[in-house]
Amino acid sequence: MSTENTPAPTPVAAPTVTAAIRHGNLDKKGGVPRRKTNLVILGGSMVADGGEGSMATTLFPVIAAALGLATSALGILAAVGRIVGVVAGPSWVFLSRKYGRKLILAVATGFWGLWAVAAGLSQNFTQLLILYGIMAAGTAAAHVLVPEVIGDSFEDKKRGRVVGWVYGGTAAVSSLMAPLIGQLANIEDGWRYGFFFFGAINVVFGILILAFYRDPGTGGGEAQLKTFTQAERDAASKITWAKVRSLFKIPSYVVLLGSRLLSTHLLLATFGVLLLVNEFGFDVAVAAVAMAPFGIGYLVGTMAGGALSDWLNKVSVNYGRVAMLQGAQLLFAIFAYFTTQIVYGGITPYLVLFGLCGLAQGLNPGVNRPLVMAIVPPELRGAAFAIFVSIIESAGFAIWTITAGFLADRVGLQAVMMWLVCGVMLLNAAFLTLLYKPFKNDRLALVAELDARRERILEAEAEAQR
């Protein structure tokens, strides 16, 4: 039956940007207010978190000498820091829902730095392990809440670049500090002073978060929802445990979790300095210099990768970012082989290769975070990243680091890097082939859901005006 003469339904007018500005939801350009200021503050706290974490990896040879530790102790330290995140990450998400993200970010990524000060007072490995683990619980908050804040602050077409700037900038600053941290090896008890310093810096950022951070609210980055008030968004998107469990019914999200479990590139950052010292004969201060080009490479990778991610998303919204994520794993495996398996005459080749490894690793945040945001509803992204980073990545990293630490004592770090880094990352690249088909369907399903929510809100407004 023909429908050519059937009159189209009269559309309900959407709230204007001017109205949204009046309610304080958007700035004059139609964006979330103070979103850049928020990310600068959060990025600074992440730098301090990274400095705390790098104390154990960069200065481990010195800590090992002071406390009488074997190589496996580094694997245990790194693993405990991640295992704690399995519980801490989801807990911070739950607390942020109850008390607000601002307070939880200030406590967890700021004032929690006092535990780093306490770690600097450790007198034996047991004390260091316990205090380092508690300290790492605070770092877990940034892993799960910062991506959520980005998703709630920026639209899909910008998320790759924003993630690139935030993660690249913080990692680059942290890595550029590595040579300075390395110089603490030449000072008696220098590693203790490092913990004191970064713990104090974190407390300062806790104060800055309380003073200047303004939360964007859930769903503020979605084109379909950003012109509505938070109350209207919440009314159309109640969080339930059934919804959280439904994350595992999103096929592409499950594939991304599997890929995260197979991500072993963090082993190179964890054991890189120790590799250069134990296997290639460099002293600690010289080996620590390699972390600077690694950080610069990571910065270039995240920023260029974020821009590339957004461009590929524009070229092919269904396949562009998927192909990039797969290529990033393959590229890292290749660079890692030449970094860890070939002996060169001096430190310079390693500096270049560590830079290339950092670049390849840096391609990941600007593509995998937007991929998750593209398939998960706004109110579930905190839970999604808690599972993605705090549970799956942390569990995988803990398994890999403990395995690597104990194997290194038996077969050497070079063999460990060959099989657990190069080999597993090649497997990861192959595994991501499974992502191409479901991602398109899951992305379109979310778009349809957000469109439906917008219509429900507009219908409720129209009904209220009658």
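At what angle do helix α14 and helix α21 pack, and how far apart are their axes? In this predicted model, α14 (residues 266-278) and α21 (residues 413-431) pack at an angle of about 165°. Their axes lie 11 Å apart. Angles over 145 degrees count as roughly antiparallel, so α14 is roughly antiparallel to α21. The crossing of the two helices is left-handed. On the α14 side, the contact is made by L267, L268, F271, L274 and L275. On the α21 side, L413, Q414, M417, L420 and V421 take part. Of the residues in this contact, 9 are nonpolar and 1 is polar. None is charged.

Helix α19 spans residues 365-373, and helix α20 spans residues 381-411. Their axes come within 10 Å and cross at roughly 135°. The two helices are therefore oblique to each other. Their crossing is right-handed. From α19, the residues in contact are N368, R369, V372 and M373. They meet R381, A384, F385, F388 and V389 of α20. This contact comprises 6 nonpolar residues, 1 polar residue and 2 charged residues.

Helices α16 and α17 make a further contact. Helix α16 covers residues 291-315, and α17 covers residues 320-340. The axes of α16 and α17 come within 7 Å and cross at roughly 140°. Helix α16 contributes G305, L308, S309, D310, L312 and N313 to the contact. Helix α17 contributes G320, R321 and M324. The residues of the contact of α16 with α17 divide into 3 nonpolar, 4 polar and 2 charged.

Rolling a probe the size of a water molecule over the atoms shows where empty space is left. The structure holds 2 cavities of 30 Å³ or more. The second largest cavity contains about 50 Å³ of space. Its lining consists of L256, S259, R260, S263, L325, Q329, N364, N368 and F388. Two helices, α13 (251-261) and α17, each supply at least two residues of this lining. Helix α13 gives the most, with 3 residues. By residue class, the lining of the second largest cavity has 3 nonpolar, 5 polar and 1 charged.

Key: Residues are numbered from 1 along each chain as its sequence is written. This is a predicted model: local features need pLDDT of at least 70, side-chain atom pairs count only at pLDDT 80 or more; totals for chains, interfaces and linings use all residues. Side-chain values use heavy atoms; hydrogens and water are left out. Axes are lines fitted to C-alpha atoms, for helices over the stretch in contact, and angles run from 0 to 180 degrees between N-to-C directions. Helices (H or I, at least four residues) and strands (E, at least two) are DSSP runs, numbered from the N terminus. Angles under 35 degrees count as roughly parallel, over 145 as roughly antiparallel, 65 to 115 as roughly perpendicular and the rest as oblique. A crossing is left-handed if the near helix is turned anticlockwise from the far one by less than a right angle, and right-handed if clockwise. Contact means heavy atoms within 4.5 Å. Ala, Val, Leu, Ile, Met, Phe, Trp, Tyr, Cys and Pro count as nonpolar, Asp, Glu, Lys and Arg as charged, and the others, Gly among them, as polar. On a 1 Å grid over the protein atoms alone, a cavity is a set of points where a 1.4 Å probe fits but cannot get out, and a pocket is an open set with protein on both sides within 12 Å along at least five of seven lines; lining residues have an atom within 4 Å of a point. Grid points are joined across faces, edges and corners, and a volume is the space filled by probe spheres set on the points.
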